[in-house]
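Trainee: I would like to go through this structure with you. Please hold each term against its definition.

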Amino acid sequence: MEKVESGSVENGTLADFQIPAKKLNVVFVLGGPGSGKGTQCTKIVEAFGFVHLSAGDLLRAEAKSGSESGIMIDNMMKEGKIVPAEVTVKLLEKAMKKSNNDKFLIDGFPRSLDNRELFDSVTGIEPRFILFFDCPKEEMERRLLGRNQGRDDDNEDTIRKRFKTFIETSLPVVKFYEEFDKVHKIDATRTVDEVFSSIEPLFQEFKRTGSELQEELVQAILPYLSCRLGALVHTPFGFDK
Ligand SMILES: Nc1ncnc2c1ncn2[C@@H]1O[C@H](COP(=O)(O)OP(=O)(O)OP(=O)(O)O)[C@@H](O)[C@H]1O
Ligand SMILES: O=c1ccn([C@@H]2O[C@H](COP(=O)(O)O)[C@@H](O)[C@H]2O)c(=O)[nH]1
């Protein structure tokens with residue numbers, strides 16, 4: 001397999017990561033297009049303080065950025081094809097390094113066995129477990145056609161291609177992890193709340209403690225405090241009139 005060119009990668013670990021790869025908690029969220037991965041990730045983030053990284057969103061942003069690979073990514077997405085692993089892994093790696101968090105939900109990735117292999121060799125990260133949203137094609141198609149978020153790939157023709165790629169290329173990843181007993185298969189046909197209730201117990205070990213919540217609050221108000229402090233320093237007599 002081709003090796004990723006990255007100055008930060010040494011011996012299969014994220015060398016300049018603040019937290020060792022082994023200590024990171026990564027959950028892969030897999031399932032067919034429209035099975036409800038993104039919807040549930042939002043709820044998991046709210047409840048358990050994970051960082052949500054959607055591989056599709058990262059690729060869409062890269063496609064829009066006008067970068068060298070942008071046109072290639074855009075074309076591949078319109079065809080429902082899997083973007084080369086080097087591109088996606090690099091985007092995920094960059095997004096993870098930007099975050100101070102140690103808990104990541106990686107949504108819609110790995111989409112193929114070679115995506116999985118490259119992520120493993122570049123980051124050295126072993127996912128804690130895999131959530132697999134199981135949903136019939138007809139229901140997924142109904143949801144995608146009703147999504148209405150202006151996505152270029154939510155049309156009948158591309159949806160057909162995305163389903164084909166999912167079955168031929170992405171399902172083998174689920175099978176791979178099943179061999180290691182890492183997959184939690186979720187019946188995604190139920191309501192959003194019912195689905196969430198069934199996955200909530202899997203995340204109990206990640207429940208935030210009081211001091212973590214306190215730390216999050218401090219981090220959230222820090223920019224405001226430093227802004228106020230700056231204003232005080234620049235105001236005669238040290239206070240606003
Ligand atoms: N349990 C559910 N019941 C009914 N509709 C749902 C459910 N979960 C999600 N939806 C809706 O289905 C559509 C697709 O959901 P979502 O974007 O979460 O899927 P996804 O798996 O992330 O899709 P993709 O892989 O294409 O990004 C959205 O419009 C969402 O509101
Ligand atoms: O790891 C990935 C994830 C996504 N893609 C491409 O993006 C589209 C849309 O992905 P969503 O998860 O539905 O947002 C997908 O059809 C692929 O073309 C990818 O190549 N690799």
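**Contacts, sheet and backbone**

Mentor: Start with ligand 2: one of its oxygen atoms lies 3.4 Å from a polar backbone atom of Gly108. This is a predicted model, in which local features need pLDDT of at least 70, side-chain atom pairs count only at pLDDT 80 or more, and totals for chains, interfaces and linings use all residues. Residues are numbered from 1 along each chain as its sequence is written, chains are lettered from A and ligands numbered from 1 in the order in which they are written, and side-chain values use heavy atoms, with hydrogens and water left out.

Trainee: What makes the pair of Gly108 and ligand 2 a polar contact?

Mentor: A polar contact is a pair of N or O atoms within 3.5 Å; within protein, one must be able to donate a hydrogen and the other to accept it, and residues adjacent in sequence count only if both atoms are side-chain atoms. The Gly108 pair, at 3.4 Å, qualifies. Arg111 uses a side-chain N or O atom, at 3.1 Å.

Trainee: Which residues come closest to ligand 2?

Mentor: Arg60, Lys81, Val83, Arg111 and Arg151, out of 16 that surround it. A residue counts as near if one of its heavy atoms lies within 4 Å.

Trainee: Why is α2 called roughly perpendicular to α4?

Mentor: The axes of α2 (residues 55-64) and α4 (residues 85-98) come within 10 Å and cross at roughly 100 degrees. That makes the pair roughly perpendicular, since angles from 65 to 115 degrees carry that name (under 35 is roughly parallel, over 145 roughly antiparallel, the rest oblique).

Trainee: Which residues of α2 meet α4?

Mentor: Ala55, Leu58, Leu59 and Glu62 meet Val87, Thr88, Leu91, Leu92 and Ala95 of α4. Contact means heavy atoms within 4.5 Å.

Trainee: What makes β4 and β7 edge strands?

Mentor: The open sheet has 5 strands, in the order β4-β5-β3-β6-β7, with parallel pairing. β4 (51-54) and β7 (183-187) each have a single partner strand, so one side of each lacks a neighbour in the sheet.

Trainee: How do you know that β6 pairs with β7?

Mentor: Two strands pair if DSSP finds at least two bridges between them. β6 (residues 129-134) and β7 are joined by 5. Phe132 stands opposite Lys185 in β7.

Trainee: Why is the bond between Phe109 and Pro110 worth a mention?

Mentor: Most residues other than glycine have a negative phi, and most peptide bonds are trans. The Phe109-Pro110 bond is cis, with omega about 0 degrees. Pro110 sits in the loop between β5 (103-107) and α5 (113-123).

Trainee: What is the phi of Asn148?

Mentor: Near 60 degrees, a positive value in a residue other than glycine. Asn148 lies in the loop between α6 (137-147) and α7 (156-178).

Terms used. Axes are lines fitted to C-alpha atoms, for helices over the stretch in contact, and angles run from 0 to 180 degrees between N-to-C directions. Helices (H or I, at least four residues) and strands (E, at least two) are DSSP runs, numbered from the N terminus.
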